[in-house]
Amino acid sequence: MFRLVPLPIAIFLGSLLLPPELSVELGSLRLSGYRIVLLVMFLPCLYQLLTDPAKKISIADYLMLFTTAWCLIAILFNHDFVYMIETGGILVIEMLGAYLLARIYICSLDDFVAAAKLFVLLICALLIFAIPETITGQHYLRGPIEFFYPKRLGLHRVYGPFDHPILFGVFCALGLSYAYYILANEAVNNIRKFGIILLVVIATFLSVSAGPLIALFAQIGLICWEKITRTIPGRWWITAGGLLLIYIVLDIISNRSPIALAISYASFSGQTAYFRLLIFDYGSIEVMNNFMLGIGFNEWTRPSWMPSSVDNFWLLTAMRYGMPCLIAMIASIVYLVIKIAKRKSDSIVMKNAAKAWAVGLAGLMIVGCTVTFWNSLFVLFFYSLGSGCWLLDSQKIPLSQTEDLTQNLDHEELTSTAPRQTLF
C-alpha cells in the first residue's frame, strides 16, 4: 500500500532541488529554498522535541544539541557577536534544523519508507535533465553559469540543480541503499529491481567525481559484505578488527601512511590527490594548534599557493569548531548505530529499513573524508542522521504495521531476496 510522505519532509526534499538562482537575497543573507523550510520549521520541531512525551529525548539528541552549542561558542570566540548571530544562526538552522525535521516527522517505518521512495523518485526525475546535460554541457536546471569544469571520460560533469557536480553526485549516491533495501525488495521481478538500482548508479556516475563514486562503491561493498558474512557471529566486530589490522600492516610496509595511500587512490588526478594530502597535513597542524575552539571562519595556515578549500568534512569541522565539536558529532552517530544494532525485530521490512539507513549514512561518512559538505549536501547529511532516530523505538511499533507493507508481495520472493538477518 502506498504511504504518503509527511508533508514537511516532502517539501524539504523538494526544496533541495531548487537551483541556487532561485534563492532570496536579504542583505548579506541568502535564503535558499531549503533554508526557508528549515527556518519555518525549526522552532515548532524544537518545541515538539522538548515537550512531546512521545518524543523521548535520547543521548543522540543531547549530543546534537551540544554540537550545535559548541559551534556557536567557537564562532563567538573567533569572531564577534554580530558574526556569531548571522553565520552561527544559519549554521544552527542547517545543522540542528535538518536533524530535528527528520527526527520529528520521520517517526515510523511508514514515514521512513515513504521518504526513501520519494528520494529515489527525485533522483530518477533528475536523470531527465542530467543525461542531456552531460552530453551537451547545457545546464537545463540552472541556466548559464560562470565556471565550467573540463570534460572527464568524454562527459560534461553534471550540476543538475546544485552548486557543484560533487553535490549532485553525492545526493544521487545516497539513494543506492534506499533503492536496494527498500524499493528493490518491493519490486515484482528482477528486471525492475536491477533497473531501479541502475538508475541511481547512472545518476551518480554522471557527476564524474571521485567523491560520489567512493560513496557509491562504499555502499556496494557494505551490501556485499553483509551478504557474505550474514552467518558469522560478531561479524562487524571482526570486520572492524580486520580493517585495523590492514591499517597497521600498510603503515609498516608502505613508505606512506595508510591515509595518504587512500587519498592518492581516491582521486581522478594526481594533482587532486597531491593537494588533498597537503590539506590533510596542514589542516591537522591547525587542529592541534587550536584544539578546543578551532579557528572559526578565519584563514588557515598554509602555503600561499594552496587553495583555501578543505576537501574533508571531518577535518574542516575540527578546524573551524575544535575537536570537542567533532567528537560530539561522531559520538551521536556511534550511539545511534550501536543502539539500533541492538534492536530486535521479526520483520524483514524493518530490518531492511535499518540497513538502508545505516549503509546510506556510512556512505556519507566515508565520502566526507574526501569532500566537504556544504549547502544542500550539508543539510542532507544531518537530515539523514535524524531520519534513523525512529529506529530507537522501533520495538514499540506493532508488527502488523510492518506486515501491511509486504502483504501484496509473493512470500517466496520476499524470503529469497531480502536478507534474513540484521546488518549488525
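This is a predicted model: local features need pLDDT of at least 70, side-chain atom pairs count only at pLDDT 80 or more; totals for chains, interfaces and linings use all residues.
Local features were taken at pLDDT of at least 70 and side-chain atom pairs at pLDDT 80 or more, whereas totals for chains, interfaces and linings use all residues. Residues are numbered from 1 along each chain as its sequence is written, and side-chain values use heavy atoms, without hydrogens and water.

The protein chain contains 17 helices and two strands (DSSP runs, H or I of at least four residues for helices and E of at least two for strands, numbered from the N terminus). Of its 424 residues, 54% are buried (under 20% relative accessible area; exposed is over 50% and partly exposed in between, with a 1.4 Å probe and protein chains only). Contacts are heavy atoms within 4.5 Å; of those between residues at least 6 apart in sequence, 75% join residues at least 24 apart. The accessible surface (Shrake-Rupley method, 1.4 Å probe) is about 19,400 Å², with 68% belonging to carbon and sulfur atoms.

The largest nonpolar core comprises 120 residues; such a core is a set of buried Ala, Val, Leu, Ile, Met, Phe, Trp, Tyr and Cys residues joined through side-chain atoms within 4.5 Å. Helix α6 (residues 165-186) gives the most to this core, with 15 residues. Phe-381 and Phe-382 are among the residues with the most contacts inside the core, and both are buried in α15. In that helix (residues 376-386), eleven of eleven residues are buried. Beyond four places in sequence, the contacts of Phe-381 include Phe-313, Trp-314, Met-329 and Phe-373. Ser-177, in α6, is buried at 0% relative accessible area and touches residues including Gln-219, Ala-356 and Gly-360.

A nonpolar surface patch of about 980 Å² includes Leu-243, Tyr-247 and Ile-252 (residues with over 30% relative accessible area and no salt bridge, nonpolar side chains Val, Leu, Ile, Met, Phe, Trp and Tyr being joined within 5 Å). Ile-252 belongs to helix α9 (residues 235-253) and is exposed, at 66% relative accessibility.

Five salt bridges were found in the whole structure (a side-chain nitrogen of Lys or Arg within 4 Å of a carboxyl oxygen of Asp or Glu). One of them joins Arg-142 and Glu-21 at 2.8 Å, N to O; these residues lie in loops and are 121 residues apart. Arg-142 is buried, at 15%, whereas Glu-21 is partly exposed, at 41%. A salt bridge between Arg-103 and Asp-61 (2.9 Å) links helices α4 and α3, and both residues are buried. Glu-226 and Lys-355 pair at 3.5 Å; Glu-226 lies in α8 and Lys-355 in α14, so the pair ties together parts 129 residues apart in sequence.

Definitions and conventions. Patches are made of residues with over 30% relative accessible area and no salt bridge: like charges are joined within 9 Å, nonpolar side chains (Val, Leu, Ile, Met, Phe, Trp, Tyr) within 5 Å.
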